[in-house]
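Please keep the sequence and the coordinates at hand while reading.

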Amino acid sequence: MSKPQALVQGTLSLLILKILEMEPRTGWAISQRLRQMSNDTLQASHGSLYPALHHLEHEGWIRGKWQASDGGRPAKIYTLTRAGRRQLALERVQWEKLSTAINGILESA
Amino acid sequence: MRWTRQLFFKARAILWRSRVEREMEIELAAHIEAEVTDLMRRGMDQAEARRVAVHTMGHMGLLREECRDARGTAGWERLKQDVVFGLRLFLKSRAFTVAALATLAIAIGSTTAVFTVVDRVLLRPLPYSAPDRLYYAVDVSVRGHFDTLRSNSKLADYAADLGIRTFSMRGRDWPERIAGSETSANFFRVLGIAPLFGRDFAGNADRPGAKRTAILSYAFWTERYGAEHGVLGRQLILDDLPYEIIGVMPPGFANPSPEASFWIPMRLDPRVAGEYWGVNACSTFARLRDGITPLAAVSELRGWTPRVHMMFPWRMPDAWGADAGLKPMREHVVEGTRVRSLLMMGAVALVLLIAVVNVANLMIAQAASRRAEFTLRMSLGATPGRLARQVLTESVLLAIAGGMLGALLGVGQLDLLKHWLPTGTPRFAEISIDRTIMVFAAAVSMGSGLLCGLLPALRARSQQSMVPGNDGRHSLNRMGIQADATLVTCETALATVLLVGAGLLLHSFWSMMHVPMGYRVDSVVTAELNPERTTAASLDKTIALYNAVRERLLSYPGVLNVAAMSQLPLSSHAAAATFAIEDHPRPPEAPQFVLWTTAVTPEHLSTLGISLLQGRGFTEADQKNLEPVVQVSRSTARKFWPGANPVGRRLRLVWESTWRTVVGVVDDVKTYSMTGPPEWVDGEVYIPLAQAIASPQNLALVARMGNDPSAFERALPAIVRQVCATCAVSRIAPMATAISEAVAAPRSLAWLVGGFALLAVMLAAAGVYGVVSHGVLRRTREIGIRLALGSSPGRVAWLVMSSSLRQVAMGIAIGIASAWVLVRWMESLLYGVASHDAVSFSLPPAVLIVVALLASLLPMIRAARIDPARSLREG
């Protein structure tokens with residue numbers, strides 16, 4: 001059980017927004033996708049995903065809707081909102097700036 | 001619209017908390033289920049899959065907490081938790097709760113009640129339109145002066161009233177006395193208030209020949225006329241003259257005083273020169289016109305002074321009118337009450353502070369017994385800040401509950417307070433609890449809650465250093481002891497200040513009551529004889545009436561003697577006249593001598609038991625047409641003829657040419673008020689009633705009784721009516737009552753502040769008891785060791801007590817020093833006592849030390865009785 005190690009503060013929300021950009025998903029599906037996409041490098045404890053989701057929902061960047069899942073049980077499906085799309089673009093730019101800067105430092109040193 | 005959505009989320013999370021929580025649980029459970037299914041598909045058996053799924057979720061409790069944080073309602077949730085926890089704690093430790101609540105309720109209640117009065121009396125604007133434009137005209141007290149200003153001012157509108165006067169109103173059987181006020185015709189218009197219904201006085205109502213009209217007070221209208229609108233046009237017969245009722249004022253209008261049952265126009269007739277120019281009875285005020293500054297209005301007013309000076313039918317001293325000016329109406333209204341009110345507020349604020357300190361004390365003691373709980377919570381991850389917030393929440397909760405109780409109590413206390421306040425308190429009728437007061441009470445409650453939680457909260461923060469597992473009883477928390485010490489010192493200092501103040505006021509009141517009156521008080525009954533105008537149309541008629549009444553009264557069993565005076569003693573009734581004294585010539589530009597003048601019958605001295613020091617008393621021979629005579633008081637004689645014989649000297653009224661000869665010197669007596677004549681009076685003279693300056697409308701009767709006067713008091717009106725059917729008798733009371741009424745204001749203040757001081761001492765005693773017994777509890781083990789090592793119980797007791805005594809002594813020192821500086825604000829309220837009075841400054845320390853000793857007695861005994869073996873085993 002680990003904290004989202006190797007996840008720079010705030011990057012989890014960037015990744016969630018990115019994952020939701022393609023299609024709406026449940027929390028579990030997001031965590032699956034996160035593992036898949038990063039080839040299990042980002043081994044976040046599943047639980048820590050939810051506070052981040054609730055926070056993004058509270059900010060209005062994603063919206064959770066209750067729908068019946070395949071098994072008939074209700075499942076909360078998250079969708080990216082318009083504000084979320086803007087936020088994604090913004091965070092992506094910031095991330096690129098940051099990683100360029102860090103790369104620059106690493107290469108020059 | 002981001003914030004609206006967030007607000008929505010927050011509101012939803014708060015209002016539908018259980019639903020939001022359920023949704024979270026379902027979501028988390030769904031995740032685990034999906035994970036289990038996924039793992040099983042990969043070949044794990046169900047039990048193993050579930051174990052792994054749950055494990056990868058992480059710490060569920062922490063997770064839920066983080067999710068709640070993400071909702072942005074965590075603060076609210078915690079507050080709710082703290083509140084619930086606090087309430088549970090209060091229910092559990094009832095003694096603590098009751099003590100703290102009672103302390104806060106009494107203190108907040110008293111503060112609210114006193115503030116209600118002070119707010120109304122000092123802070124609220126007067127209940128008239130644009131009250132800040134109203135100014136009181138200082139030293140414009142002659143009708144002619146006022147009338148001239150009213151007719152000529154271009155910057156302000158002047159109006160005036162003649163104060164309160166009682167009139168004989170013709171009732172069904174015999175006349176009764178009703179108080180009313182004579183005002184200028186524009187009185188209500190200038191104040192900016194209109195009758196509730198009916199109409200205002202006509203513009204010329206105060207001119208000679210105008211129709212007599214009257215406006216009733218709301219209270220009088222409801223009491224006497226059953227609030228009937230048909231009252232308009234009916235007649236009110238006052239002093240034999242009919243007045244047409246033309247209007248009724250709104251309830252609460254109480255100018256010049258709440259006693260006024262009606263208003264009638266004053267007479268402004270320059271042809272009646274004595275009245276128009278000679279009587280100082282007018283109180284004048286002005287409303288500045290738009291855009292006019294007070295400065296401009298004052299210079300206009302002063303500009304008129306020399307011209308008015310010339311208009312007097314007789315020569316006035318050149319200095320006349322030099323002090324005329326304007327001051328804000330509100331300042332004038334509250335003049336005498338200001339210091340008193342502020343003092344009351346100060347006293348009650350001190351009590352509130354002491355109460356707050358006490359509750360802080362209680363909470364610290366309470367916290368000591370909660371160390372184990374705090375330690376446990378900290379080891380479970382609570383931050384020091386979290387604990388501090390818990391403690392603050394508790395104290396605010398206490399204060400809110402205390403405040404609500406206090407507000408209820410305050411309503412009762414306000415009634416009590418109103419009962420205690422002297423009846424002359426300005427704006428008394430307006431005093432009531434309203435929204436402002438409620439807001440004030442709420443603010444005071446919150447403030448005291450935060451204040452009394454502050455120290456305990458800081459203490460809770462400092463728990464950090466505690467090692468889990470140690471229940472804390474052993475550690476001697478140095479900061480804790482110091483904090484307690486500071487509290488005791490604070491409390492004692494505050495109580496000392498209050499005690500000194502109360503001591504000064506009580507001492508002053510005592511000396512006021514114990515300076516000899518100079519006349520007989522016991523077995524003397526006073527009353528006022530109020531004949532109708534025709535019955536007392538001339539001095540001869542008045543005297544004839546009096547002689548007849550006197551004869552009847554003397555035949556009543558038990559009556560030893562009867563006398564009459566132009567005004568009752570202690571009535572604070574203005575009765576000064578301007579005199580020229582033969583061997584004290586004054587240049588015309590200097591003010592003439594103003595002497596307090598009382599017309600008396602020959603029996604005056606014997607009935608009241610006033611000593612005659614020199615010369616003779618008046619006799620029946622001192623008649624109108626014979627040589628005019630006067631008596632002077634001892635201090636007057638000493639002032640004008642020190643070392644010489646005053647008998648045979650002469651003085652005269654400035655507007656008369658006949659000299660009056662001094663025939664006797666009588667002892668100084670308290671006629672005007674308990675504190676002597678007003679300071680602008682140069683001396684006191686007595687004139688025989690038969691030679692009085694003017695025929696008194698009302699006559700003060702004084703009867704000396706040989707037996708219980710109560711039957712006589714009841715019989716008095718009937719006896720008088722046998723002689724004069726149209727005469728009313730009012731203000732029948734023993735002389736002692738008149739004295740008691742005269743000292744009502746200083747007495748109520750002394751008792752109120754004294755009461756608060758008593759409360760403060762009790763609270764301080766409770767505080768000292770709390771701290772000392774808390775200290776004993778905390779040092780049980782130490783004391784046990786000391787006893788085991790051979791300390792005597794006496795030494796241990798001293799150990800416990802000496803520290804608290806040191807704190808008390810320090811508090812007293814600080815208190816005395818502060819009081820020494822503060823008392824100069826109350827100098828104006830003191831009579832016959834120096835403001836740094838030795839008794840008032842030395843008694844409080846003694847009282848407080850004794851109280852502190854008594855308060856630490858019980859814990860001291862407990863400390864001495866500690867069983868060393870047990871305390872060591874259990875500690």
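## Helix packing and fold

In this predicted model, helix 1 of chain A packs against helix 3 (residues 49-59) of chain A at an angle of about 75 degrees, and their axes lie 10 Å apart. Because angles of 65 to 115 degrees count as roughly perpendicular, helix 1 of chain A is described as roughly perpendicular to helix 3 of chain A. On the side of helix 1 of chain A, the residues that meet the partner are A:Leu12, A:Ser13 and A:Ile16, while helix 3 of chain A contributes A:Ala52, A:Leu53 and A:Leu56. Sorted by class, this contact holds 5 nonpolar residues, 1 polar residue and no charged residues.

Chain A also has an open sheet, in which 3 strands are arranged in the order 1-3-2 with antiparallel pairing. Its edge strands, each pairing on one side only, are strand 1 (25-26) and strand 2 (62-68) of chain A. Helix 1 (residues 11-22) of chain A packs on this sheet, where it touches strand 1, strand 2 and strand 3 of chain A, and its direction makes about 95 degrees with that of strand 3 of chain A. Strand 2 of chain A is joined by 7 bridges to strand 3 (residues 74-80) of chain A, the two running antiparallel; within this pairing, A:Trp66 has A:Lys76 in strand 3 of chain A as its bridge partner. Along the sequence, the elements of chain A follow the pattern α-β-α-α-β-β-α.

The chain totals are set out below.

Within chain B, helix 7 (residues 143-152) is mostly covered, with 7 of its 10 residues buried. Those buried residues of helix 7 of chain B are B:Arg143, B:Gly144, B:His145, B:Phe146, B:Asp147, B:Leu149 and B:Arg150. Among the elements that cover them are strand 2 (156-169), helix 10, strand 9 (283-288) and helix 11 (294-311) of chain B.

Is B:Arg271 buried or exposed? B:Arg271 counts as exposed, because there are 7 C-beta neighbours inside 10 Å and the cut-off for an exposed residue is 12 or fewer. B:Arg271 sits in the loop between strand 8 (262-265) and helix 10 (273-278) of chain B. Although B:Arg271 and B:Pro208 are separated by 63 residues in sequence, their C-alpha atoms are 9.4 Å apart in space.

## Confidence

For the complex, the predictor gives an ipTM of 0.82 and a pTM of 0.68. Chain B has a mean pLDDT of 82, and 92% of its residues reach 70 or more. Over residues 464-479 of chain B, however, the pLDDT is below 50, and this stretch has 15 contacts in the model beyond near neighbours in sequence. Where pLDDT is low, the predicted coordinates should not be read in detail.

Methods
Residues are numbered from 1 along each chain as its sequence is written. Chains are lettered from A and ligands numbered from 1 in the order in which they are written. This is a predicted model: local features need pLDDT of at least 70, side-chain atom pairs count only at pLDDT 80 or more; totals for chains, interfaces and linings use all residues. Two strands pair if DSSP finds at least two bridges between them. Helices (H or I, at least four residues) and strands (E, at least two) are DSSP runs, numbered from the N terminus. Two residues are in contact if their C-beta atoms, placed from the backbone, lie within 7 Å. Axes are lines fitted to C-alpha atoms, for helices over the stretch in contact, and angles run from 0 to 180 degrees between N-to-C directions. A residue is buried if 20 or more other C-beta atoms lie within 10 Å of its own, exposed if 12 or fewer, and partly exposed in between; C-beta atoms are placed from the backbone. Angles under 35 degrees count as roughly parallel, over 145 as roughly antiparallel, 65 to 115 as roughly perpendicular and the rest as oblique. Ala, Val, Leu, Ile, Met, Phe, Trp, Tyr, Cys and Pro count as nonpolar, Asp, Glu, Lys and Arg as charged, and the others, Gly among them, as polar. pLDDT is the predictor's confidence in each residue, from 0 to 100.
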